Each structure stands twice: as structure tokens, then as C-alpha cells.
Amino acid sequence: MSDDYPSLLRSERMSLVQLFVPTEVAHDTVHELGELGDVQFKDLNPSVNPFQRSFVGEIRRIDDMSRRTRFFDAQIEKEKDVVPVRPLYECAPLLTVGPRSAQTVDELDTTLSQYESKLTTLNESYQTLSERTRELTEARHVLRETAVFFDKAHTQTSNIRSSFDDSATPLLTSHDDREGGYSAGSFDLEFVAGTIERSRVPTFERVLWRVLRGNLYMNHTDIAEPFIDPSTNAETRKNVFIIFAHGDVVLAKIRKVAESMGATIFPIDANADKRADALREVENRLEDLQTVLYNTGIGRRAELVKIGESLRVWQDVVKKEKLIYETLNLFNYDVRRKTLIAEAWVPTRDLTKIQLALRHATEESGTSVPPILHELQTSKTPPTFHRTNKFTEGFQAIMDSYGISAYQEINPGLFAITTFPFLFAVMFGDIGHGFIILIAAVYMILREKAMAKQDNGEIIGQFFYGRYIILMMGLFSIYTGFLYNDLFSKTLHLFHSGWTFPDNSTRGVYTGHTYPFGLDPAWHGATNALVFTNSYKMKMSIVLGVIHMTFALCLQVPNHFRFKRKSDIYTNFIPQMLFLQSIFGYLVLCILYKWSVDWTKSPVSPPSLLNMLITMFLEPGKVDPEKQLYPGQGFVQTVLLGIAGVCVPWLLISKPYLAWREMHKTTGAGYVTLGNGEETAIARHSTDETLEGEEEGNGRAIAEGDEEHEGHDFGDVVIHQIIHTIEFCLGCISHTASYLRLWALSLAHAQLSEVLWSMTLDGRTDPKSIGGWIGLGIMGFMWLNLTIGILCLMEGLSAFLHALRLHWVEGNSKHFEGGGYPFAPLSFAGEGSKEA
Amino acid sequence: MEALFLTCIDNGFLEGIVRGYKSGILTQSQYANLTQCETLEDFRTQLSATDYGGFLANESLPLSTSTIQEKATQILVDQFNYLRGNAVEPLNKFLEYITYSYMIDNIILLITGTLHERDTHELLERCHPLGVFESMPALCVATTVEELYQSVLVETPLAPYFRDCLSANDLDDLNIEIIRSTVYKAYLEDFHSFCGTLGQPTQDVMQRTLAFEADRRTINITVNSFNTELSKEQRAKLFPTIGRLWPEGNNQLAKADDIDQVRAACETVSEYRTFFNDAGVSSSSAHGNGGIDDLAAASMLEDRFFRMEVFLNKQAFLQQFQYGVFFSYVKLKEQEIRNLTWIAECIAQDAKDRIQDFIPIF
């Protein structure tokens, strides 16, 4: 059917192939197939622990290498000035295939470990140096701040002393001694000074206060600049503190508390001169250290720059190597014959391509033993693979996120390419808004190459991925916009209107010609415009909905043919179709008929179709002549209702009956079902496995043990069919009603854009004064922003969501089976972009 | 019913989270895989397939058991802090209560360390991160209980627990043990009564778990106090006044002189009876022969207690809309970390014959 050219209608035909790969070319073969990205390998040792597989040693080595590259990456990221990292596509590739591949990897391993040890030593020395610097800086701060304390204390003591002098001089005998003692500048208080983390200051103070029983004299000030830990880049802010106390025991206690709270204590002399000396010395040493530190930093940076030049290549190689060995671990390793046996799913169409790749791999590796590929016969379901291009990719993704279609099932993603943007546009119909999103899509498509390369972030990336969907949605929205004759809630006057309004009358007069395309602009602003468009859009939604559902229902048929279930056509498809058409198909016909009649010239008033449908159920056969749509209506409706009524038991019974007859026939012929109970199934399973062990060498599919048991029980069939019938019959009604969302959203969209216009620009479009121009500018800006933000983005997303639902629920429930599993080939391409 | 929905509003999210965490606890088959590992690297590979994921991926080789333990504990701590950050009263208070037991352990560790003049920073590193509090480092300064209480503990939530043991004068090993037991007893009783205020399902589940915890302590204190200076009156004071052995079992235990009497005291509770089945036999047959058999019996007893604890904690997950799951999760995870450490230790020391001696959880 579609064997010549890849088509989206059905998933690709797949083959299960077996590969015999000699050990020496295994690595290169997998590498080649990974580059090709077209082969999905099966796990042939599902029962083996990950660390007991054949290539665990290699993987572990690669893991260590990748840890090293991660370490480099983290180091480069942490560096304050940006280290240039050369992107992958600008680097010379590192060859990891061919006879020298093992050597290359070995070399890479040693290079990596060399760089790592170099970097670690540099880091260590950098860290010790910055640690020393930090200490010295702290010491400097302590010296400076304590000097302030002391100065203050000095002025205070002199004050105290002078007052003391005045009042107490006569009583003192050894006045001179005291005078001498004070003037030496060493008052009798001892103290502890140091630095502590700012967040700990309150706790520190509290604990000290308690330990010293309230006899605490403590001073502390903030150090303005934060200290930065070079290894973690974490900022810590510290305070200088000084605590005055008396007595060795107390001082020791203070020291101990300070140390346990993580403070650093510095020995400070009480003598001002000595302090100045110390400060000078500290500053000298600090200067020296900073030079050394700077040089170390430069050296480290140079090293990082060198690493940055080839880091991406290393990462790439490491990632690929890891994938290769992980894949090799899926293979069956035959130690005696030195071959690896692999099983894989490949698209049948690409078999020759894969053969070529295998040959190429053999040539590359420089050996003469080629891997052997041959196709296996299997009863297992292959994975589902839709070959998409950049245009169809987005639409297929919409359907795949609902469910992966079964192998070779009709793919709804193909039809979504038109139906999806169309249903969206019905809700979003506006020439202007459609144009805006079209422009956005065209912009993304034109800059496709540039945008694909850069990282777009989560939100922009999503839009970029769906750029072709947006393109189609924009085009269709412009089309429906013309149909609704709606341009930013205004109308276009492209042709002559079919109505005239003579002498300021509010009542239009029909001129006799019909507006050729879309809605007549005369409706715009008419008092009954809303009544008219509502009725029109509502009916249109039902018509579109029934067409969409009928189409989706028809997609069952090719599936029934393909999966050889012809009986399903008359047990499922025909009754379902009849049921749908006799109720809702009939409704659609009535809508079209009602549109075609000129009710102004009719003797009866136009009947309500909704009431008609309700009475069709409630009073079959009876039609009020006042509300009659056409003669003979009662009879037609009774017949249709009868057909729909017959369809329900038909749908319910016919399939189970066929299944029962089939079963009867087989049992009648003397066959008994095998492997019904659990035990026999297990027994068979195990014998299968042992058999396989024996036959391994004979080229049989190895992992065929887990045969899919499709024990179709009669009870299952009955229950399944009951559910199916109920779901379908109720679904028909609710789904038809569900399409009314097309009308609701379209109405909401039109009204919203009209409200926006009247709130902002209405009446301002013809400014007379400067104020008017300014008002127009502000309002115009607001209008544009709200149009893009609310009407295009928010309304667009909501319409998108509803279109999605209509496809997933209303459309897919009619035919889609799902239950497939996606084709996940080994591919380097996807892996590379994911993490880079 | 109404209360049920109200709990859901406040704690439904966290309960969901903790149940999710719980399903990440290693299963029997994963343990089976772990025990087959030859090296710690295998161990890491095997763990990376579980919920632990790549928690060791950035560690350079060779791995050490302590790194594994540290990292695993860190995961628990992160999870706990997440829960705590999202909790509202009274769950918040409940979670705080869980940390108290770790705080007690840390305090005792620091006091003992200071007594033996260990390095303060080394001690601080060994503290359990769940029980860290701000003024904890200052504990190293204190030399008497009085000082300890006045300078540091008075501002912690543990202060009321310490009030009863201020009479102990000087710090020595025995006194520290007594302090630990007294404080723990006060803590258990307080937690027990707090759970009583939380309403039905929580009260039920938690008091069952705490009652067992109390009994375990009672029995342990009794067994450990044989042949020590601890007088029987003092011993009786250390027993928590909750639990299924209380009061008459406790009274009997207070008077017990050997393990057979302990067994007799526990006869009344059917679950505890089995603990002593083998232990009792072995100790009675080898009674006078020395302390080694007693030691073996005690360690076997300890093992069974752990098993029982795991069992009770697993049961907590059978009931919904109660806080017991949070407590139980932390305890189960702690047991899991103990198991991992044990297995890793066995692998590292090549003691394969004892590798199966962990306590499986699920």
C-alpha cells in the first residue's frame, strides 16, 4: 500500500533482525548504528543485574570519566570571569572508531585524570592561600575595629579618671603610682577579640551572657565586605567582636565558647603601638599573599581555559561511549565464539541502509570479519514508527501525546494537519488575530536555523516546536476571519452589501443580491447581529462536528481490513454509522434545509430544531403542524428513530454472538484450550527458556519467551462490547453537544475583541487636539498589548486546548485503538542535544 | 468525617509526599541485589537504579562507607526539612517533636565527648543533622549539669526535660547515662501526651509506637544495669511511665536481677514474649559462664527490637489521615540507612557471611 514512499497514514513496516557481531568490531558497529539512529536494540539479558553484565568495567570507567568532565564543567561555571567554552561544532572531532579507538579512549582517560589532579592541586593551593588571606583580612579588621574600641575606652577612662581625681584626691595616698599605671595605657582589663559569623552573633552573645552570669561587656561591629569561600562561592558575613573580662578562668571559658561557635580569635595587644605594628605587618603579609593568590588564580584560569577548549568534545565522546557500552550490554555475549548476538527492530525500508552502515563499520575498524545481519520471523508486535519531517512533527506529537497508535494502525496525526488548525480557526476566526500569529510563525520559520541552535527556554521552545502548527492555525484563522468578516471586531466591506438602510431607517431592506463570501457587513452593528451570528455559529458547529465524527468513524474501516477483522465492519462500523446518522446526520440535514428556506415567505414560522429533536424522542411520529419543517416529517422521524433503536441491540449482541459461535465451532471440533491456568503458563514459559538455551546457536530469536498471550475469553468480549456500546451511544449525544464549544469560544472571542475595541479605541480614532493624539497613543498601545496578550496568546491557547480536546476525545474515540509503543532507536543525535 | 477533610486540607499534600517517599524505600529484591555486590562501586551502581539515584555520582573513588552513610542521611534530612517547611500546626509541632530525640542524642554525644576531651569540631561533625540547634556548640564549655542547663539548655525546647536531672552533681559516664535516660523518659512521656491531644487516628498509631519505644527502653535499661553501680531505686526512676509494661511490668523489672526475671516480667505482653524465646534459653543454659553469652543475648534482643520497630512503623502506613506516617517514615528511613551502612561495611571488610544480618523493611 505505502511501501514505495514513506507515508504518515500508517506507521512504518518494521522487521526484527538478528546481528552477529564479532567482538572486535562490536564497538564500531554500535557507533555507526548510533550515528545512523535507526535501530532499536532489544534487551536480551533482562534477568541479568546491571553490574553483572559483560561491559560493566568499561561503563564504570566511562562513568568516572564523565564525573571528571562534570567536575571541569562545574569548575568552569564557578569561575567568576567567564571562561570561553568552545562549542562542539567548532571543535576538531576526536576519532573513537577504527583500530586506534581503544587507544584514543585510554589517552582521553589519562588526559582527563591528569587535568583533574592538576586542577585539584591548584584548587587546593588556591584554597589554602585564600584561607590564609581570609584570616589575615579578618585580623586586619579586628585590629582596626578594636583600635576604635580602645580609643573610645581611652577617652572614657580619662573622663572617669578626671572625675575620680576631683572627688577622691585627698583620700588617695599612692596617687602617683596610679597615675603612672594609667598613663602607660594598659588598663587592667583583659579581653578576647576575634571574628564570628554575623548570624551567630545573637546566640553567641546570649550564651556568653548566661555563662558569665550577666557580667558581659561585649562590643561588636559589622565587617562591611562579605567573605567568599573559593570552593563553594558562598558568601559569609562576619562581625568583629571584643569581649572584656577579668580572670583567667572566665577568659578561658569565653575562648572555649567562641571557638565552639566557630569564631576565630586573634591575639591583640592592649598597647596601641604594638597594635599599629601588628597592623602594618599584617598588611604587608596580606599584600604578599594577594600577589601569590592572584598568580595562582591566573594559573588556574589558564588551565581552565585550556580545558574549555576541548571540554565539549570530551563530553560528547564520553556520552557516546557510555551509550555504546550500555547498548553492548543489551547483547548476548557468546564467550566461546567471541561474538555478540543482538536483536533489533529496524524499519524494513532501511534494511539496505543498515547493511551499508555495517559494511562501513567493518572497513573503519580495519578487520575483515563483517557483522552478519539477517531478518527473523516473529509474531511479536513491532514498535510504532512514524517518519515525520519538520512540518508534520508537531502534528504527530499532538496525537502521540494522546496515545501511541498500534503498529500499522491508521494514524490520526496525518488528518490532524488540516482538521486541527481548522477547528482551531473556527474558534479563533479573526483576520487580524490570525495575521498576528501567522507573522509570529513566519518569523520563527525564517529564523529556524538560528533558533534551533540556541537554547530557547521552556516557553519559547514550546512555541518554536509548534511553529508549523501555528503557521497553519494562522492561515486558517485568516480564512475563517473572512468567513465571519471580522477584523479586530470591525468588518471589511469588500463587496456590495445585500442590504440597504433607506432614510436612516434601522430596518434593512433586502436588495436582491447575496453577499458573495462570508458574513454580510450590514450585520455589523445591527441590533439583532448577535442573535443572527449566534444561531449561525451554533448550527455551523453542529454541522462541522457531525462531519468530523462521521469522518473519524470511517477511519475504522481501513483498520478492520488491515487487522483482518472484517466481521467488525458489520458488527461495529455499520450499526455505529447508522446510529450516528439517523439522529445527528438527520439533524444536520434539517439544519441545511432550514437554511435553504426563505422563512419570510413561508406560511408557518420557522420551527425550533432543538425542540424538533426532543419531540422526535419523546413523541415519536407526532409532529405539530404549526412546527412542521416539511411534510411527512412524522413518518421519516419514526423510521429513523426505529433504525437508531435497532442499532443498539445490534451493536450489543452481534459481536459477542460471533465470538461465541467461533468458540463453539472450535470446541465442537474437539479442540481444547491450552495453557489456560497460571501454572501451565509458567511451565510453558520455563520450558521455552530452556529450549532457547539449547537452540541459541541455531539462529532462532532468542528472547521469544515472553509470547504475548491473547487469551480472548468470551466473558471479556461480552464485557468489552457492553462498555463499548454504552460509551458509543452516550458518546454520540455528548460529543455532538461538545462541538458546541466551537460556537461558544468563537462567540467569546468575537465579543472580547469587540469589548476591547470599545473600551480603548472607540471614538478616539479621529483626534482633534493634542490631548486626543496622546490619548490615541496611550490607548492604541494598550489595545495592541491586550490584543496580543489576551486575544492572541490567552484566547489562542484556550482555543488550542479545545481543538486538542475535540481531536483527542471526540475524534479519536471513534476509531483510535492506541496501545502501540514508540520506536526508540539508539541515536547519538537526540542524546547530544538533550544535555548540551 | 469533617475532621478528616480538615486534615486533608492541611496535611493531605504532605501525607501524599511522605507516602511517595515511603514507596522509595528499598525492597527485599533490591536488598538481594545489593548483597550480591562485590565492591562498593557495584554497590553504587546498584543503588543508582533505586530512588537514591545518582546521590553518589559525584564522589571520587574510592568510596568509603562513611560517605555513603553521610549522603544517605543527607537525603533523609533534605526530605524531612522539605516536610517541615511545608507543615502547618499542629503537624509542625509534631515534626519538631521528632527532632527532639536527635537533639537529646547530640547533647549526650557532646557532653560525653567533652568529658573525654575529644576535639570539639570533630564532635560537632558527628552530630545528627536533624538534631542540630543554634547554641549546641556551647555545650562543650559546660562542666556540670547545672552549668549545662543554665548556659545552653534553658533556651532549647528540651529544657523542661532536663529539670529533673539537675540534682546530678558531677559529670561521669554513669551520670551521663542516667541523664540520657531521664531526659528520654521525660521526652517520651511528653511526646506521648502531646499525641494524645492530636485526636483519634494519630493518637492510636503514635501511642502504640511510643509505648513500644518506652518498653524497649525499660527493658534495655534493666538489662544494661545488671552488675553496675546503679541501684534498683534509681533504676526504677528511669523507666518511662507509659508503655504496655507499665505499671506492674515496670515494677517487676525494677526488681529484676537477671535476664530470666526480665523475661518473666515481659510474659504479660504476648508480642514481647517471643523476644526472649531463644535468648532466654541460651542465657539460662550458659548463665554462670560469663558475660559473652549475655552480650550475645542482648544483641539478639536488640535485633528483635529493631524488627519489631520496623513492623510497627510499617503498620502506621495502614491508616490514613494521621501523623504517625511522618514519624514512621523517618524511623524506617533511618533503619534503611543503618542497613545500607551495614551492607556497605560488610562489602568493604569482605565479611560476606554476615551480610544478611540487616533488617529488611519491605
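**Reading helix packing and salt bridges**

Q: How is the crossing of α5(B) and α17(B) handed, left or right?
A: A crossing is left-handed if the near helix is turned anticlockwise from the far one by less than a right angle, and right-handed if clockwise. For α5(B) and α17(B) the crossing is right-handed. This is a predicted model, in which local features need pLDDT of at least 70 and side-chain atom pairs count only at pLDDT 80 or more, whereas totals for chains, interfaces and linings use all residues. Residues are numbered from 1 along each chain as its sequence is written, chains are lettered from A and ligands numbered from 1 in the order in which they are written, and side-chain values use heavy atoms, without hydrogens and water.

Q: At what angle do helix α5 of chain B and α17(B) pack, and how far apart are their axes?
A: Two packed helices are described by the angle between their axes and the distance between the axes. Helix α5 of chain B (residues 91-115) packs on α17(B) at about 30 degrees, with 10 Å between the axes (lines fitted to C-alpha atoms over the stretch in contact; angles run from 0 to 180 degrees between N-to-C directions). The two helices are therefore roughly parallel (under 35 degrees). On the α5(B) side the contact is made by B:Leu91, B:Phe94, B:Leu95, B:Ile98, B:Ser101 and B:Tyr102, and on the α17(B) side by B:Phe326, B:Phe327, B:Val330, B:Lys331 and B:Glu334 (contact: heavy atoms within 4.5 Å). These residues divide into eight nonpolar, one polar and two charged (Ala, Val, Leu, Ile, Met, Phe, Trp, Tyr, Cys and Pro are nonpolar, Asp, Glu, Lys and Arg charged, the others polar).

Q: Which parts of chain A does the pair of A:Glu12 and A:Arg387 tie together?
A: A:Glu12 forms a salt bridge with A:Arg387, the closest N and O atoms being 3.1 Å apart. Because A:Glu12 lies in the segment before β1 (14-22) and A:Arg387 in the loop between β11 (372-376) and α9 (392-400), the pair ties together parts 375 residues apart in sequence. A:Glu12 counts as buried, at 4% relative accessibility, and A:Arg387 as partly exposed, at 25% (buried is under 20%, exposed over 50%, partly exposed in between, with a 1.4 Å probe and protein chains only).

Q: Where do B:Glu134 and A:Arg206 lie?
A: Their side chains meet in a salt bridge of 3.8 Å, N to O. B:Glu134 is in the loop between α6 (120-126) and α7 (145-151) of chain B and A:Arg206 in helix α5 (residues 201-211) of chain A, so the pair joins two chains. B:Glu134 is partly exposed at 48%, and A:Arg206 is partly exposed at 34%.

Q: Which residues are linked in a network of salt bridges?
A: A:Arg61, A:Asp64, A:Arg67, A:Arg68, A:Asp106, A:Asp109 and A:Glu116 form such a network.

Q: How many helices and strands does chain A have?
A: Helices (H or I, at least four residues) and strands (E, at least two) are DSSP runs, numbered from the N terminus. Chain A has 24 helices and 13 strands. Of its 836 residues, 43% are buried.

Conventions:
A salt bridge is a side-chain nitrogen of Lys or Arg within 4 Å of a carboxyl oxygen of Asp or Glu. Angles under 35 degrees count as roughly parallel, over 145 as roughly antiparallel, 65 to 115 as roughly perpendicular and the rest as oblique.
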